[in-house]
Amino acid sequence: MIKKVIEDALNQQLTREMYSSNLYLSMAGFYHSINLSGFANWMRVQAQEEMFHALKLFDYILDRGGKAKIGEISAPPSNWQTPLEAFEASYNHEQLVTGWINELADLAIKEGDHATHILMQWYITEQVEEEATVSDIVARLKLAGDNPSSLFLIDNELKSRTFNPPAA
Ligand code: FEO
């Protein structure tokens with residue numbers, strides 16, 4: 001049986017992952033509105049990944065005999081000034097998520113909850129990958145600057161992203 005303090009913290013993270021999913025879907029809408037369909041596709045797939053992160057926590061809480069509770073989810077922003085600004089916001093958000101995951105791993109150690117600590121290793125690895133991917137796209141957007149053909153090349157590349165559930 002899961003300790004209440006761990007159950008509450010996991011439910012909080014579950015809700016945050018759902019917010020992340022909404023945030024990226026909102027970004028997908030933004031990119032679509034400025035005719036960058038590759039960026040829109042990338043963000044839409046990212047929204048699916050975030051929902052996968054949420055569902056993994058949902059299933060884990062249930063497997064441990066806990067109660068999954070979805071908390072209040074605030075509305076994400078819906079507009080950004082430039083294609084770069086939205087991706088920078090995404091990078092900042094992922095750094096925030098990494099901090100929350102690290103706090104959860106610390107809590108699992110403090111409470112002697114080895115199973116939750118193992119679960120958190122999966123999220124920690126996932127965060128390394130997410131931060132690296134987003135930071136790479138931010139860097140390329142900075143290099144592209146105001147050059148439409150460079151932006152078009154990146155957009156074209158991001159069109160090919162498809163949702164493949166991350167390895168368990
Ligand atoms: Fe679920 Fe992007 O972290």
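View 1. The model is predicted: local features need pLDDT of at least 70, side-chain atom pairs count only at pLDDT 80 or more, and totals for chains, interfaces and linings use all residues. Residues are numbered from 1 along each chain as its sequence is written, and side-chain values use heavy atoms, with hydrogens and water left out. Helix α4 comprises 31 residues (114-144) and spans 45 Å from its first C-alpha to its last, close to the 45 Å expected at 1.5 Å a residue (1.5 Å times one less than the number of residues). Helices are DSSP runs of H or I with at least four residues, numbered from the N terminus. At the start of α4, a side-chain oxygen of Asp113 lies within 3.4 Å of the backbone nitrogen of Ala115.

**View 2. Gln48 in helix α2.** Gln48 belongs to α2 (residues 37-63). Its relative accessibility is 39%, so Gln48 counts as partly exposed (between buried, under 20%, and exposed, over 50%; 1.4 Å probe, protein chains only). Tyr24 is 24 residues from Gln48 in sequence, with 8.8 Å between their C-alpha atoms.

**View 3. The crossing of α2 and α5.** The axes of α2 and α5 (residues 148-158) come within 7 Å and cross at roughly 40°; axes are lines fitted to C-alpha atoms over the stretch in contact, with angles from 0 to 180 degrees between N-to-C directions. Ser37, Gly38, Phe39, Asn41 and Trp42 of α2 meet Leu151, Ile154, Asp155 and Leu158 of α5 (heavy atoms within 4.5 Å).

Note on methods. Helix = DSSP H or I, 4+ residues; strand = E, 2+ residues; numbered from the N terminus. Polar contact = N/O pair within 3.5 Å; in protein donor to acceptor, adjacent residues only side chain to side chain.
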